[in-house]
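Biologist: Please take a close look at a single part of this model. Start from one residue and work towards that part in one connected answer.

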Amino acid sequence: MTSGIKNVILIGAGGNLGPAVLAEFLNSNFDVTVLARETSTSTYPAGTKVTRSDFSAQSLTEVFKGQDAVISIVGPTGFAEQNKFVDAAIAAGVKVFIPSEYGSDTKNPEVLKIAPVLAGKRTLVEYLETQQDKISWMVVIAGPFADWGIQNEFLQYDIPSKSAVIWDDGDVPVTQSTLSQIGRALVAILGHPSETANQYVYISSYTATANEIVAAFEKATGVKWDVQTISLEQTLAAAKEKFSKGEINHDVIMDLIRAACYSKEGYCDIRKNLWNGRLGLKEEGLEAVIKGLL
Ligand SMILES: NC(=O)c1ccc[n+]([C@@H]2O[C@H](COP(=O)([O-])OP(=O)(O)OC[C@H]3O[C@@H](n4cnc5c(N)ncnc54)[C@H](OP(=O)(O)O)[C@@H]3O)[C@@H](O)[C@H]2O)c1
């Protein structure tokens with residue numbers, strides 16, 4: 001079902017992750033098209049093939065005809081649309097669907113217990129599993145975005161003030177991937193469609209503890225960083241309480257996802273499952289990523 005993948009369509013290529021994925025596909029042998037909403041204000045590099053849709057089932061099916069793979073990179077406001085993408089892809093005869101994941105290990109029920117905000121991602125894959133005689137799927141689990149997570153406070157390392165927030169002892173290894181590494185992984189996955197069909201594909205730029213990341217920043221900046229320690233137990237309890245009361249704001253969601261990563265069980269340490277070797281995807285290494293951020 002997955003042989004001969006050539007035409008690839010990206011949905012949500014204008015967001016945080018999308019541009020890095022698009023750049024890797026534009027640099028590959030795949031024939032890539034971006035699908036954007038009619039209302040979208042996203043912009044793309046000159047020469048990018050862009051098609052627009054009202055995202056009705058009929059329009060999506062028309063757009064997907066002739067495509068071999070549909071990659072969803074939509075953000076949370078688009079998650080609920082993805083079942084429709086799958087059905088339209090099947091109706092159009094697409095071979096492969098990749099849902100919007102690219103983070104925590106949503107296959108692990110313990111992760112979903114801590115961060116129930118991620119449960120919808122798993123539900124979509126359960127739906128894909130019921131359809132895998134018609135369309136293959138692959139899920140990319142990449143851990144926190146390494147570069148974006150630092151530039152956007154998610155990972156709580158602040159380069160301008162040379163400060164960091166560390167959960168508990170800061171000694172839990174966390175596997176992380178840069179946006180470009182995720183783009184390269186998607187290109188490599190579609191280059192290995194039989195091996196990766198219906199698989200959770202775990203990838204990495206590096207695995208490091210918070211203490212190692214602070215030490216790498218200190219080495220690279222030549223300055224001692226100001227480190228604040230917070231309790232995972234207390235932070236998680238506060239986020240869970242707000243979540244149970246329906247106060248599901250950005251900070252609560254981020255704390256739940258961070259708690260799943262920093263828990264002492266090491267749910268974000270995905271080294272034993274990595275596909276980097278099989279995909280020919282070199283790790284970038286902590287020091288190189290940090291150097292690129294300074
Ligand atoms: N591992 C991590 O640390 C981490 C961090 C952030 C995000 N993520 C994950 O990465 C994925 C992408 O996240 P992101 O932050 O890049 O997303 P984003 O910037 O919020 O949105 C990406 C794109 O989604 C499209 N979109 C939004 N709502 C839509 C809808 N209703 N229908 C169709 N398209 C819609 C938009 O496309 P147009 O307007 O261009 O049409 C937008 O450019 C998600 O699965 C997210 O959970 C992981």
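Modeller: Glu24 counts as buried, at 18% relative accessibility. Buried means under 20% relative accessible area, exposed over 50%, and partly exposed in between, with a 1.4 Å probe and protein chains only. The model is predicted, so local features need pLDDT of at least 70 and side-chain atom pairs count only at pLDDT 80 or more, while totals for chains, interfaces and linings use all residues. Residues are numbered from 1 along each chain as its sequence is written, and side-chain values use heavy atoms, with hydrogens and water left out.

Glu24 sits in helix 1, which covers residues 18-26. Helices and strands here are DSSP runs numbered from the N terminus, with at least four residues (H or I) for a helix and at least two (E) for a strand. From Glu24 to Ile135 there are 111 residues along the chain, and their C-alpha atoms are separated by 24 Å.

Strand 1 (residues 7-11) and strand 2 are paired in parallel over five bridges; two strands pair if DSSP finds at least two bridges between them. Within this pair, Ile9 has Thr33 of strand 2 as its bridge partner. Strand 2 (residues 31-37) is largely enclosed by the rest of the structure, because five of its seven residues are buried. Leu60 belongs to helix 2, residues 57-64, and is buried at a relative accessible area of 0%. Leu60 and Ser100 are 40 residues apart along the chain, with their C-alpha atoms separated by 17 Å.

Tyr102 has a backbone N or O atom 3.0 Å from a nitrogen atom of the ligand. Gly143 also places a backbone N or O atom 3.0 Å from a nitrogen atom of the ligand. At Phe145, a polar backbone atom is 2.8 Å from an oxygen atom of the ligand. The protein buries 84% of the 920 Å² that the ligand exposes when taken alone. Accessible areas come from the Shrake-Rupley method with a 1.4 Å probe; for residues, only the protein chains shown count as cover. A polar contact is a pair of N or O atoms within 3.5 Å; within protein, one must be able to donate a hydrogen and the other to accept it, and residues adjacent in sequence count only if both atoms are side-chain atoms.

Tyr102 lies in the loop between strand 5 (96-98) and helix 4 (109-114), and is buried with a relative accessible area of 3%. Although not a glycine, Tyr102 has a positive phi of about 65 degrees. Glu153 is likewise not a glycine and has a positive phi of about 70 degrees. Glu153 is in the loop between helix 6 (146-151) and strand 7, but counts as exposed, at 61% relative accessibility.

Strand 8 (residues 163-167) runs parallel to strand 12, joined by five bridges.

Finally, Tyr262 is in helix 11, residues 250-262, and counts as buried at 12% relative accessibility. Its C-alpha atom is 33 Å from that of Gly191, 71 residues apart in sequence. The model has one disulfide, a disulfide being a pair of cysteine sulfur atoms within 2.5 Å. Cys261 and Cys268 form it, with their sulfur atoms 2.0 Å apart. The link of Cys261 and Cys268 is left-handed, with -50 degrees about the S-S bond. Cys261 is buried at a relative accessible area of 3%, and Cys268 is buried at 4% relative accessibility.
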